[in-house]
Amino acid sequence: MNRVNILSFSDTLASNKPYPERSEVKQKWYDLLAEYLMAVLVSPIRHRVSHSRFNLMRVARLTDRYASKFEAFTNEELAQHAQKMRGRLRRQGFKIQISSACFALIREAAWRSLGKRHYDSQVVAGWALLNGELAEMATGEGKTFAATLPACVVALAGYPVHVITVNDYLAQRDAEIMAPLYEFLGLSVGFVVQGMSKSERRQAYGCAVTYCTNKELAFDYLKDGVALGKRNSRLHLALEKLRGDYARDEELVLRGLYFAVVDEADSVFIDEASTPLILSSSVDAGNQGEDYREGLEIARSLEAGIDFELDLQTRRIDLLGAGKQKIETFAQSLGERGVWSSIRAREELVTQGLSALLLYKKDQHYVVIDNSVQIVDESTGRVMPDRSWERGLHQFIEEKEGCELSARKETLARLTYQRLFRRYLRLAGMTGTAQEVAREIKSTYKLSVTHVPLNMPSKRKILSSRLYLRAEQKWHAVSKVVDKLANQEERPVLIGTRSVKASEEISTLLSQQNIEHTLLNAKQDETEALVIASAGQRSRVTVATNIAGRGTDIELEEWVQKNGGLHVILTEYHDSKRVDRQLFGRCARQGDPGSCEVIVSLEDEIYTTYTPKLTRFSAKLLQRWSFTERTVLWVLTTLAQFSSEAKSKQLRTQTMKNDKQLNTVLAFSGRGE
């Protein structure tokens with residue numbers, strides 16, 4: 001494990017920011033080459049040796065050794081001893097002996113304040129997190145509770161801790177549930193959610209431990225950067241304070257980037273890293289509504305393959321000569337006024353119009369709620385009401401759907417998650433699915449992935465996968481399975497879909513067959529968590545987009561535990577294997593029984609987008625020889641997901657490269673981020 005002592009904070013001294021964070025250093029080519037060779041040649045060997053079960057469990061044994069000592073303490077004595085730990089942690093750092101003693105104390109405090117103890121697997125995960133690694137824990141192994149171990153240790157040492165999760169509900173829920181433990185140890189805890197005022201945010205970030213979402217944290221950091229302006233060095237800040245000027249201090253909400261534990265780290269570090277975070281302000285759109293209408297008019301008249309090339313895999317549209325000529329003719333008919341007078345501007349406008357028409361689909365990439373276009377997070381199925389597409393794309397989609405046009409956005413600052421999280425003095429993460437992207441996480445965020453052993457052996461049963469030619473055949477097969485399991489065997493069933501549209505298709509079919517069920521899609525509130533939490537009840541059928549309710553445990557009724565457990569059906573493979581594993585992880589948690597199966601069709605988007613020719617050939621094979629079904633499914637899915645993940649990685653790399661280049665230009669102009 002990484003033995004760099006967090007207490008040295010050497011990067012703080014080199015930082016040119018007014019609060020501690022890791023400075024960005026441009027690596028030389030030979031350093032990058034050395035890192036690559038280490039990752040390819042040395043890291044796999046070192047990983048197998050240092051992260052063996054024996055070494056990982058050492059911290060659990062040491063924690064058990066200290067446990068009996070603290071069991072004899074009164075509540076007051078335990079709290080007092082926690083305060084005495086502060087000085088030792090500051091002096092000695094987070095070595096295994098003192099960390100194990102702290103873990104034992106925290107575990108005893110958790111039992112007295114929350115009524116539960118950390119499992120050995122959670123202690124192991126806590127040690128990995130404290131050492132700045134990414135802990136891969138299977139779904140249902142208690143990542144939220146495990147995170148309290150490093151959070152309490154670092155907070156007791158006197159350093160601010162951020163526990164970062166994926167939505168507001170989880171941030172507030174986790175902070176409130178774990179609050180008794182922190183308070184028992186004399187630590188303050190707060191949470192940051194959307195809609196809070198600046199003073200409320202500053203107060204929350206001022207706590208020893210702060211729970212927040214990745215988006216709220218990122219935008220608060222960007223706002224701090226804008227508030228600081230150009231003169232943001234430690235010297236300038238010190239001079240201002242000597243003059244008694246604390247105005248800029250009052251504009252800041254964060255205290256720095258010390259230690260972060262990122263929950264669902266693969267989602268944050270990978271899935272959401274393809275798009276830069278943009279802090280913007282609304283500006284008067286003027287007469288641009290007419291430009292968008294005209295842009296859609298000419299876009300609808302263009303033909304694919306003749307006027308433009310469409311690449312669904314890279315989600316890219318390139319105008320051809322014929323298309324450019326049609327746009328020029330159209331502009332001349334308008335008198336080449338406004339945006340139409342510029343060749344580059346009008347071609348970009350029409351390209352965005354084509355993107356709105358061909359690349360962004362209703363009930364998949366966005367939904368229309370109360371006459372407003374709201375983006376859907378494809379990795380979670382949740383709406384993001386506070387987000388909008390840039391460069392006029394959002395307005396084009398609003399025009400396409402007949403919604404009132406929102407104000408155009410002007411960029412104030414931008415930053416990628418890659419650059420943001422690398423600025424923490426110590427970064428850690430936890431997720432149930434990291435092995436597929438371990439190398440990218442290591443190269444980008446400098447985090448090694450540590451696999452944490454299961455607390456109890458898995459009892460999950462994986463049934464044979466089924467592949468159908470047509471989507472309607474797939475849905476009828478799904479409905480038959482649901483009828484058999486839920487109505488006849490009275491087992492709960494969770495149906496995972498990839499889009500809002502797909503969830504509504506199976507919901508309609510189930511309703512036609514009088515199968516009672518709950519539909520969950522594109523919502524991000526407490527209802528989501530409640531629906532998922534009750535998905536393990538007898539005969540309960542739940543249809544959910546992707547992995548809605550991620551972070552919420554599905555509690556099984558006692559009858560269900562004795563009669564097969566929860567059954568999960570994957571109705572469409574996702575672009576990443578990780579998301580498929582996340583869905584399967586909903587069943588058979590913590591030693592419970594459970595089963596899962598795959599029921600898909602050749603009309604699914606992943607096949608039509610990434611392997612169209614092979615998919616058409618496979619259809620012919622299946623019509624002649626049904627015994628090829630399993631082979632065809634394996635080959636198609638492997639190739640399609642490989643292609644999708646490669647394209648996504650390429651996009652993330654390009655996004656980070658563009659962000660660095662833009663930041664260099666902005667810094668040169670004196671604007672910074």
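A quick word on burial before we start: a residue is buried when its relative accessible area is under 20%, exposed when that area is over 50%, and partly exposed in between (1.4 Å probe, protein chains only). Keep in mind that this is a predicted model, where local features need pLDDT of at least 70, side-chain atom pairs count only at pLDDT 80 or more, and totals for chains, interfaces and linings use all residues. Residues are numbered from 1 along each chain as its sequence is written, and side-chain values use heavy atoms, with hydrogens and water left out.

Side chains of opposite charge can pair when their charged atoms come close. Here we call it a salt bridge when a side-chain nitrogen of Lys or Arg is within 4 Å of a carboxyl oxygen of Asp or Glu. Searching the whole structure turns up 24 of them.

Start with E216 and R201, whose closest N and O atoms sit 2.7 Å apart in a salt bridge. E216 belongs to helix α11 (residues 214-228) and R201 to helix α10 (residues 198-205), so their pairing ties together parts that are 15 residues apart in sequence. Helices here are DSSP runs (H or I, at least four residues), strands likewise (E, at least two), numbered from the N terminus. E216 is buried at 9% relative accessible area, and R201 is buried too, at 8%.

Next, D174 bridges to R173, with 2.8 Å between the closest N and O atoms. D174 counts as buried at 4%, and R173 is buried at 17%.

Finally, D64, R107 and D120 are joined in a network of salt bridges.
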